[in-house]
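Subject: Two-chain model, handover and findings

Hi,

Here is the structure we talked about. Please load it first, then read the notes below.

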Amino acid sequence: MEPEPDRGPEPDLVWMYRQMLRIREFEERVKATFTEHPGVIRGHTHLADGAEASITGSLAALRLSPGPGDQVMATYRCHGYPLVLGSDPKAMMAEIYGRAAGLCGGYGGSMHLADPERGFLGTSGIVGQGIPQATGVAYAAQIRGQGQVVLCFFGDGAAKQGAFAEALNVASLWKLPIVYVLENNSYNVVTRVEQEDANAAAGEPLAVKARAFSMPGVTVDGGDPVCVYEAVASAVSRARSGGGPTLVESKIYRLSAHGNIIAPPGVPLHFPEHEAVAVFGAPEEYEAARRADPLVRMRERLLAEGVLDAAAADSLAAEVREEMAAAVEFALASPYPPADAALRHVYA
Amino acid sequence: MSRQLPYIAAIDEAIRQEMERDESVLYFGQNIATTPDDEFLKAFGADRVRVTPISETAEIGMAIGAALAGYRPVVELYMAEFMLVAMDQVVNEAPRFRYMSGGRVSVPLVLKAGYGFTAGWAGQHTGSIYGMFTGVPGLKVALPATPADAKGLMATAIRDDNPVCFFHHYLLTLEPGEVPEGEHLVPFGQAVVRRAGDDVTIVATGAMVGRALAAASSLAGSGVSAEVIDPRTLVPLDMATILESVAKTGRLVLVDQATRHASASAVIAAEVADQGFSYLRAPIRQVTALDATVPYSKPMEDYILPDEPKIIAAALSITGAAPEPGAGAEPGEGA
């Protein structure tokens, strides 16, 4: 499903719901691969369940065409963004399966998706280090002078990296066309945000960090794609008109553990529980988050507002399931790259 | 046409000429272009030439982003050690993006940094730390030893589609030399024979090239004909020229301002042992810095660094010639 090139000023609720379903279903297929096809996915995989509304609402604010489109950089938890930007889920799944037909030829894997033709310039697997890189993309956009805006996604943990402070200072100083989307899921790996963030410990939203860099900071409900869209679209419009950067804190709750699946050779498959349950003994917190699952909320809203009826919502979900099942089928049937391809692309 | 130009001015000239040639070349970093009469600012404007805060992670990270978006940034870092503040960006970001994307993006950028300022700058501004970058697939490393190479390697670095660490030697900053006017490109991966000889090969980089040449002159007085090779870039490394020379001389002395196990010397020694063992008629000798942080006090600083007597002693220890009276009295470490 390609995103519509011009979605107009108002976000299309059904389009948003479809994108949210696509992200969830793609990642459900990733998760299922571990049990249905053991050994096919290697290493560490990070899922974005719980962030679908935030990702979709943010990207809905971008201008993908005509003309030079807006650009995006993100983190190792990166499956959602290219899906919404229009990357082929077959190529994405093939990448995660390490196949030659993968989005990046099998060189990057789950943590390092990139699709520059769709404005997705890549990810850093090192917490916070993509923030200055996205800021450099925004510097390039400013020089090019064609009205491009950059969205930079990162988590609450990254906001304590020096890279965050250094980059936001320059972005504000130079009035760069960038929007920083801080996806605050309250946990940095297995540490709660109150344990490692002075603002959180003081009971303040993380968006107050923007004040230190003389830029606007807003906090939004990341479980509602329309709320996220409104905040990000306003920040994008400010950036596009030369007003400089904004920090948007999107409050989300990741519904899986930090690293969802860790399966080194010889170790039995292990799906860790969310840290609230496994580490902090707070299953009620996790259950509340599950009840507030953004996909459930969105479906209820669409039905309540009469945008979709139950049959239409079910058929949308069925279409998406079919799309992602085809991605799995394609990836499984794709050949691996030849071993000596490992020495290609080291240097340009 | 060429004329005399100091080493540092030759580098500036390369950046200026490349910026004239290609609008995508940017130049930014700390403490540059802070006044409107800055020559780069006047020539190229505030979009392409910018002063940055002292934020190496932001400077290098932003260079990566600008490169991903189609520009060719040159980052002025002043001192090689300042790159250590942003080691992740240099080692684990810039050289990884192209590979991890399966060649779908490129990161053409130049990190310009001085090194080796062993003139009383003490422990944190004097290192010869290029060895930290030579083993990183995806990075290139240039170490010019002359003003002409400084210009030609910088121009090549800017046109290269990969991240390049361009390390200029601080002790050479004001050294004058013949520098071609106009376009001057020195290809990466091509060593140059600075002095031809038959008895022993001496490989040196940066300011050590001058010391090796001085040692070679003295060795000639002892009847030892030394060939001096300057690799000019450590990545890519021109092993063919070195091996060809060793095939002729059968003896190898490696001179390196880095501490031994972090040196290019150790790498070249291993490659010659691997690929050219049968050429060798004597053990390889390494004249490197001794394993200490660079001390402030001059006698101690001198003690740990390679110098002409140490190079001479190392060469004589494997050529069997008697030392000239007064030259190379004590063998250096490894001799």
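A term first: a nonpolar core here means a set of buried Ala, Val, Leu, Ile, Met, Phe, Trp, Tyr and Cys residues joined through C-beta atoms within 7 Å. Keep in mind that this is a predicted model.

**The core**

The largest nonpolar core has 205 residues. Those with the most contacts inside it are A:Cys152, A:Ile178, A:Val179, B:Leu111, B:Tyr130, B:Ile202 and B:Ala315. As background, nonpolar side chains tend to be buried together in soluble globular proteins.

**Chain A overall**

Chain A has 13 helices and ten strands. Its C-alpha atoms fill a box of roughly 50 × 50 × 40 Å along the principal axes. For 348 residues, a compact globule would have a radius of gyration near 20 Å; chain A has 19 Å, so the two agree. Buried residues make up 53% of the 348. Take the contacts in chain A with a separation of 6 or more: residues 24 or more positions apart account for 73% of them.

**Strand β5 of chain A**

β5(A) covers residues 178–184, and seven of its seven residues are buried.

Which strand is joined to β5(A) by six bridges? It is β4 (residues 150–155) of chain A, and the two run parallel. Within this pairing, A:Val150 has A:Ile178 as its bridge partner.

A:Val179 has contacts beyond its sequence neighbours within four places. They are A:Val149, A:Leu151, A:Val232, A:Ala235, A:Val236, A:Ala239, A:Pro245, A:Thr246 and A:Val248.

**Two more residues to look at**

A:Thr75 lies in strand β2 (residues 71–75) of chain A. Is A:Thr75 buried or exposed? Buried, because it has 25 C-beta neighbours inside 10 Å, and the cut-off is 20 or more. Leaving out residues up to four places away in sequence, A:Thr75 touches A:Thr123, A:Ser124, A:Gly130, A:Phe153, A:Phe154 and A:Gly155. A:Ser124 is 49 residues from A:Thr75 in sequence, yet the C-alpha atoms are 5.5 Å apart.

A:Leu59 lies in helix α2 (residues 52–59) of chain A. A:Leu59 is buried, with 30 other C-beta atoms within 10 Å. Setting aside neighbours within four places, A:Leu59 is in contact with A:Tyr81, A:Val84 and A:Leu85. A:Pro294 is 235 residues from A:Leu59 along the chain, and 16 Å separate their C-alpha atoms.

**Where chain A meets chain B**

34 residues of chain A are in contact with 34 residues of chain B. On the chain A side, β3 (120–124), α5 (130–144) and α6 (162–173) each supply at least two residues. The largest share comes from α5(A), with ten residues. By class, that side has 19 nonpolar, 13 polar and two charged residues.

**Chain B**

Chain B has twelve helices and 14 strands. Its C-alpha trace spans about 60 × 40 × 40 Å along the principal axes. A compact globule of 335 residues would have a radius of gyration near 20 Å; chain B has 20 Å, so it agrees. Of the 335 residues, 58% are buried. Among contacts with a separation of 6 or more, 76% come from residues 24 or more positions apart.

The domain assignment gives domain 1 (2–180) and domain 2 (192–319). Their centres, taken over C-alpha atoms, are 27 Å apart. The contact takes 24 residues from domain 1 and 23 residues from domain 2. On the domain 1 side, α6 (131–134), β6 (140–142) and α7 (147–159) of chain B each supply at least two residues. That side divides into twelve nonpolar, ten polar and two charged residues.

Best wishes

How values were computed. Residues numbered from 1 in each chain as written. Chains lettered and ligands numbered in written order. Predicted model: local features only at pLDDT ≥ 70, side-chain atom pairs only at ≥ 80, totals over all residues. Buried ≥ 20, exposed ≤ 12 C-beta atoms within 10 Å, placed from the backbone. Contact = placed C-beta atoms within 7 Å. Helix = DSSP H or I, 4+ residues; strand = E, 2+ residues; numbered from the N terminus. Rg over C-alpha atoms; globule rule 2.2 N^0.38 Å. Domains from an automatic or database assignment. Nonpolar A, V, L, I, M, F, W, Y, C, P; charged D, E, K, R; others polar. Pairing = 2+ DSSP bridges.
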